There are 2 protein chains.
Amino acid sequence: MTYAIIGTGAIGGFYGGMLAHAGNEVHFLFHSDYNDAHERGLIVKSIYGDFTINPVNAYKSSKDMPACDVIIVGMKTVNEQMLPEMIKPVLKPTSLVVLIQNGLNIEKHIAEQLPESVGVAGGMAFICSNKVGPATINHLDYGFLNVGLYRGSEQMLHQFCDDMNASGVKTTYAPDLKEARWKKLVWNIPYNGMTVILDTTTECLMKNQASRALIYDVMLEVLKAADANGVHIPQSFADDMMDLTDNMRPYKPSMRLDFDNHRPMEIHYIYSEAIKAARESGISIPKIEVMEQQLKFIQSTYL
Amino acid sequence: MTYAIIGTGAIGGFYGGMLAHAGNEVHFLFHSDYNDAHERGLIVKSIYGDFTINPVNAYKSSKDMPACDVIIVGMKTVNEQMLPEMIKPVLKPTSLVVLIQNGLNIEKHIAEQLPESVGVAGGMAFICSNKVGPATINHLDYGFLNVGLYRGSEQMLHQFCDDMNASGVKTTYAPDLKEARWKKLVWNIPYNGMTVILDTTTECLMKNQASRALIYDVMLEVLKAADANGVHIPQSFADDMMDLTDNMRPYKPSMRLDFDNHRPMEIHYIYSEAIKAARESGISIPKIEVMEQQLKFIQSTYL
C-alpha cells in the first residue's frame, strides 16, 4: 500500500517516517518546512533509533501529491474544517483515511464530507513526540498506536496494522472505535485541560489531595457520558488511568504543549463534542463544562 | 454602647475607626501593628475623609481589653478556630458579637462556642478597603454594611445600626440573615474564585463569552443550593449581579488580594460550607465543587 501523510508534524512525521524508513512508499505534505525537507530530508530522532529520510517525497500542496491507498492525518483538530479539501486530491475511490487525532466524532465529521466509498478509521497514539525544528521530529517516549474502523474495509485496516508493526510501531486493531475513543478521553479530558487551567504538571495534580480527587471526579463524568452514549467502561478503568499516571515519567499533555507555545488548543473535539454527546443522551457533565469554558477563556487571553 | 474590634485590619480598622472618630468608646486589638498604633495612632485614609485616631485604645491581647457591649470581628475566616478564645475575654453576659466576615455558617460555628446569653450577628460589608501599612487603612470605594441577627437581642443590633449610621457608615438591618448570606454568595462564589483560578479580573471575565456564561452558571448553582437550603432567591437577582459587575469599577475581590499576597484564601466558609449545605439538602453543585478543588490546589502551590 502507498501512503500519504497529511501534516508532517510530531505525529505524521514520526509514523510516516517509520513507514518510509521500513521501505514503504510514503508521500509527505509539508507546510512551512517544505524547503528544509526538500534540501536535507525528514529527520527523526527516536528512542527506537535516529534516522533521516533523504530524499523525501515532499510536497507543498496535497494537489501535487499522487493518490494513495492510505491517508494518515496527523494534524491537530483545530483546523478540521480545512481537512476534507486537503484530503480529496490524494484519494483513490477506496482509499482509507486514518485520523491519528484526539477527541470525539472526528471520523463522523470527516466521513460526511468524503465519498462514501472512502474508508475512515481513527487512530489513538500513545506517544510523546515533538516537532523540534523544520522537518525535524523528536520521539521521546512510548509510540504505541491503536486503530479502529469507522467505515470501510476491515481488511485494509488490518493491512495498515501489519505495515505499521513491520515498520517497528506496535499497532493494535480496536474492534470498537467508539469505545476506544471514549477510553482515550478518560485520560485526555482531565489531564489535558487541568494542566493548562492550573498551570501545572500531571505529577503535581496527582500529589495534591484536592486536584487528585477532582481528576478522578472528572474521569467519572467521562464514564457517565460514555455510558449514556452506549459505551460501558467499568470504573476500574478510571482507577487504572490513575495508577498509570502515578507511574508515568513527567509528561506534558499535548494541550499543555499547545498552550505553552501559544497555539490553539483542541477544545472542540476533546471537550465540546463530549459535552454535546452527553447532552444528546439526556445527561449533563457539569465539571467538564467548567473545564471547557475555562479553557476557552484561557485561549482567548493569548489567541 | 462600648466597642471591641477583634482584628484591626482593612475591615475592623475602617469600621472601628469610623465609630471611634464619631466619639464612641472603641477598643482595638492589634497584632504586629501594636507598637505603631500605640506610638502614632490608627490612620484611616478614606473617600469619606482622612482621619487619625490618636491616642488609640490599642491592645496586644484581648485578655488585656475591657469587656464591651459589641464585639466586631473583622478577621478573615482562615483562623476561625482561634476566634472563640480571642472573643471570650471581652464578653459581658449579654454582649453582641458582629461577624463582618465572608461565607456561610460562620455565625453558627462561633455561636456554638460562646455562652448562650451572648448575641451573635453577621455583617456583610460592601467595601473596597485595604491595610496599606502598619495600623494604616486605605478605604477606596463603597462602604455599605448590611447586618442580620443570628441570635440575641434585635434591639441591640438596631442600636448598633444607629451607631454606625451616626458614624457615617450606611448600615441596614437585614430581617433574614440566612437570605442575606446566600445573596452575598451569589457574587462571592463566582468572582472570588474565578479571578484567582483564571488569573484575571472581573472585567475580563465579563467580556469573554465563555467565562461570562460560566460565571452565570455558577450563580445559578448558588441559587439552587440556597433554594434547597430554604432560601428562595429569584433568578433576576443573578441578572442584577451580572449588571452590577458590568458597571463596577475595576475591582479585585478579597480572595484575589489574598492570593496576590500569598495569604490563605477563605475557601472553607465561601465554598466548602456552601457545598456541604447543598449536600445536606440532597443536591449537588458540581461546578462550585470544581472551583473549591481548584482553589485548594492553587493554595497548596504557595502555602
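## Close-up views of a predicted two-chain model

**View 1. A salt bridge joins D258(A) and K76(A) in this predicted model.** Their side chains meet with N and O 3.2 Å apart. D258(A) sits in helix 10 (residues 254-260) of chain A. K76(A) sits in the loop between strand 6 (68-73) and helix 3 (83-87) of chain A. The pair therefore ties together parts that are 182 residues apart in sequence. The two partners differ in their surroundings. D258(A) has 1% relative accessibility, so D258(A) counts as buried. K76(A) has a relative accessible area of 31% and is partly exposed. Across all chains, the structure holds 36 salt bridges.

**View 2. R181(B) and E107(B) form a salt bridge in chain B.** The N to O distance is 2.6 Å. R181(B) belongs to helix 6 (residues 177-197) of chain B, and E107(B) to helix 4 (residues 106-111) of chain B. Here the pair ties together parts 74 residues apart in sequence. R181(B) is buried, at a relative accessible area of 4%. E107(B) is buried too, at 3% relative accessibility.

**View 3. K276(B) and E273(B) pair within helix 11 of chain B.** The closest N and O atoms of this salt bridge are 3.6 Å apart. Both residues lie in helix 11 (residues 267-280) of chain B. They are three residues apart, which means a separation of about one helical turn. K276(B) is partly exposed, at 37% relative accessibility. E273(B) is buried, at 1% relative accessible area.

**View 4. Chain A meets chain B.** Each side is built from its own set of residues: 22 from chain A and 22 from chain B. Together the chains bury about 1,800 Å², with 69% of that area on carbon and sulfur atoms. Two salt bridges cross the interface. One of them joins K287(A) to E289(B), with the closest N and O atoms 2.7 Å apart. Five residue pairs are in polar contact across the interface. Which helix of chain A gives the most to the side that touches chain B? Helix 12 of chain A does, with 10 residues. On that side of chain A, 12 residues are nonpolar, six are polar and four are charged.

**View 5. E292(A) sits in helix 12 of chain A.** Is E292(A) buried or exposed? Its relative accessibility is 11%, so E292(A) counts as buried; the cut-off for buried is under 20%. Beyond neighbours within four places in sequence, E292(A) is in contact with I267(A), Y271(A), S272(A) and I275(A).

Definitions and conventions: Residues numbered from 1 in each chain as written. Chains lettered and ligands numbered in written order. Predicted model: local features only at pLDDT ≥ 70, side-chain atom pairs only at ≥ 80, totals over all residues. Heavy atoms only, no water. Contact = heavy atoms within 4.5 Å. Buried area = accessible area lost by both parts, 1.4 Å probe. Salt bridge = Lys/Arg side-chain N within 4 Å of Asp/Glu carboxyl O. Polar contact = N/O pair within 3.5 Å; in protein donor to acceptor, adjacent residues only side chain to side chain. Helix = DSSP H or I, 4+ residues; strand = E, 2+ residues; numbered from the N terminus. Nonpolar A, V, L, I, M, F, W, Y, C, P; charged D, E, K, R; others polar. Buried < 20%, exposed > 50% of the residue type's maximum accessible area, 1.4 Å probe, protein only.
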